[in-house]
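Open the model in your viewer and keep the selection panel at hand. The stops below say what to select and what is there.

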Amino acid sequence: MSLHARIVAALADPELRRLGAGLTAGLHLRGAGEEIRLRLDDGDVAFDPQAPADIVLRADGAAWEQVLTVPPPPRFQAFTALAIANEAFVVEGDPLRVAQARAVLERLFELVCASPVAAAASVARDIGQIAGRYHAATLDEGVCNVFIEQAGAGRPLMFLHTAGADGRQFLGQLSDVALAHDYRMIAPDMPFHGRSLPPASWQGEPYRLTANRYLGWCSAIIEQVIGEKVIVAGGSMGAAMALLLAAARPDLVTGAIAIEPPFRSKGRRNPFQHHVAVHAALHNPAFVRGLMSPTSPLDQRRRAAWIYAQGAPQVYTGDLAFYSDEFDGAAIAPRIDASRTPVALLCGTYDYSATPQDGEKLAALIPGALLRVMDGLGHFPMCEHPDLFRPHLAAALAHVSG
């Protein structure tokens, strides 16, 4: 099916209308045979030969053929992937206009790249086994009311969410009946995130996460709430912290599982993640939506992105001060003694932020680390396709528990 035909099929999508309220712009797609001109008008997307060239996406025919492959290869699966991680494509236009249109553009290309769901064995889950409540944690910056969900009994297993998100990303694991038999699973919302509040001492100044601040939060939760050493399993920003905990506080962790670990993260900074001219609850979910696999279930991808629609202003970009600007795998990885603190690295093939190649670099610096490349998964495997992720998590737990 041609690009034109796939767009024809996408025009009736109701989600485009929800994501495009108030948007007016012209979109030109060049290089896929005929030039395609679309008008984006208050949620409606329509072919219009007179549409202005406010936003232009161009590439040669071979690159567009990759987009139309089912499923498309990594870096061809989404608008943002094409725009910031694929050298074959060029985006032209006012960056502000692109940011304002990103939610519509991301959904449009999600429809163009629609692919069958990757098959996976079903997992028995019971959402009712999860219990959550607040804990008063004493941090260096004062007392903070931290919301923590827990499930199961056994060895403590602490999950750390990604930048700008919260512990709901791990509902698929917290509700896993078999995991709950063997592990006491703990998923905190970090201060400023999700259902956790800022520390009492916060005066409204810009939020900025540093390695020391984040390390202090995690250490306080382990010492004051959990009360014993943990296996720490973190995603993205949480993966970076899992490695930092293994390096700096091996007295607190028995093993580290880094899910989508960065080496030096790239492509995550965008000036419109926190900008008064851009609706962050539309922009930021779209920005991360393209990091997921086109073969993950769409309902799960929507829920994964939904969490990003609910973040407080500036928290996502404030987290990137640690994840994108400060964390350096070349400096942290050699400090880890994997004979004392076993490490597992889980890397999805569709993740262009923390790639399998990043995992290989980290593994080379951590003798004894387990590296698993997860085919068909993206940056949020724990919530975009928890069933497909389950065997990789089980292998990582076996490695760090041994």
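**Stop 1**

Select Glu-92 and Arg-58: their side chains meet in a salt bridge, 2.6 Å from N to O. A salt bridge here is a side-chain nitrogen of Lys or Arg within 4 Å of a carboxyl oxygen of Asp or Glu. Glu-92 lies in strand 5 (residues 90-93) and Arg-58 in strand 4 (residues 55-58), so the pair ties together parts that are 34 residues apart in sequence. Helices (H or I, at least four residues) and strands (E, at least two) are DSSP runs, numbered from the N terminus. Glu-92 counts as partly exposed at 28% relative accessibility, and Arg-58 counts as partly exposed at 37%. Buried means under 20% relative accessible area, exposed over 50%, and partly exposed in between, with a 1.4 Å probe and protein chains only.

The model is predicted: local features need pLDDT of at least 70 and side-chain atom pairs count only at pLDDT 80 or more, while totals for chains, interfaces and linings use all residues. Residues are numbered from 1 along each chain as its sequence is written, and side-chain values use heavy atoms, leaving out hydrogens and water.

**Stop 2: other salt bridges**

How many salt bridges are there by this rule? The count comes to 25. Select Arg-30 and Glu-35 for one of them, where the closest N and O atoms are 3.0 Å apart. Arg-30 is partly exposed at 28% relative accessibility, and Glu-35 is partly exposed at 33%.

Next, select Asp-251 and Arg-249, whose side chains form a salt bridge at 2.7 Å, N to O. Asp-251 is partly exposed, with a relative accessible area of 36%; Arg-249 is partly exposed at 23%.

Then select Asp-13, Glu-15, Arg-18, Arg-107, Glu-110, Arg-289, Arg-301 and Arg-302 together; a network of salt bridges links them.

**Stop 3: Gln-77**

Select Gln-77, in the loop between helix 3 (61-68) and helix 4 (79-85). Is Gln-77 buried or exposed? Its relative accessible area is 4%, so Gln-77 is buried. Its side chain reaches the backbone nitrogen of Arg-75 at 2.8 Å and the backbone oxygen of Tyr-350 at 3.1 Å.

Not counting residues up to four places away in sequence, Gln-77 touches residues including Phe-109, Cys-113, Met-292 and Tyr-352. Glu-110, 33 residues away along the chain, has its C-alpha atom 7.3 Å from that of Gln-77.

**Stop 4: helix 12**

Select residues 315-326, helix 12, where 10 of the 12 residues are buried. Among the buried ones are Tyr-316, Asp-319, Phe-322 and Ser-324.

**Stop 5: the nonpolar cores**

A nonpolar core is a set of buried Ala, Val, Leu, Ile, Met, Phe, Trp, Tyr and Cys residues joined through side-chain atoms within 4.5 Å. The largest has 97 residues, and Tyr-214, Leu-243, Ile-257 and Phe-322 have the most contacts inside it. Apart from it lies another core, of 34 residues, among them Leu-3, Leu-29, Leu-40 and Val-67.

Finish on Ile-257: leaving aside neighbours within four places in sequence, its contacts include Ile-231, Val-232, Ala-344, Leu-346, Leu-393 and Val-400.

Conventions
Contact means heavy atoms within 4.5 Å. A polar contact is a pair of N or O atoms within 3.5 Å; within protein, one must be able to donate a hydrogen and the other to accept it, and residues adjacent in sequence count only if both atoms are side-chain atoms.
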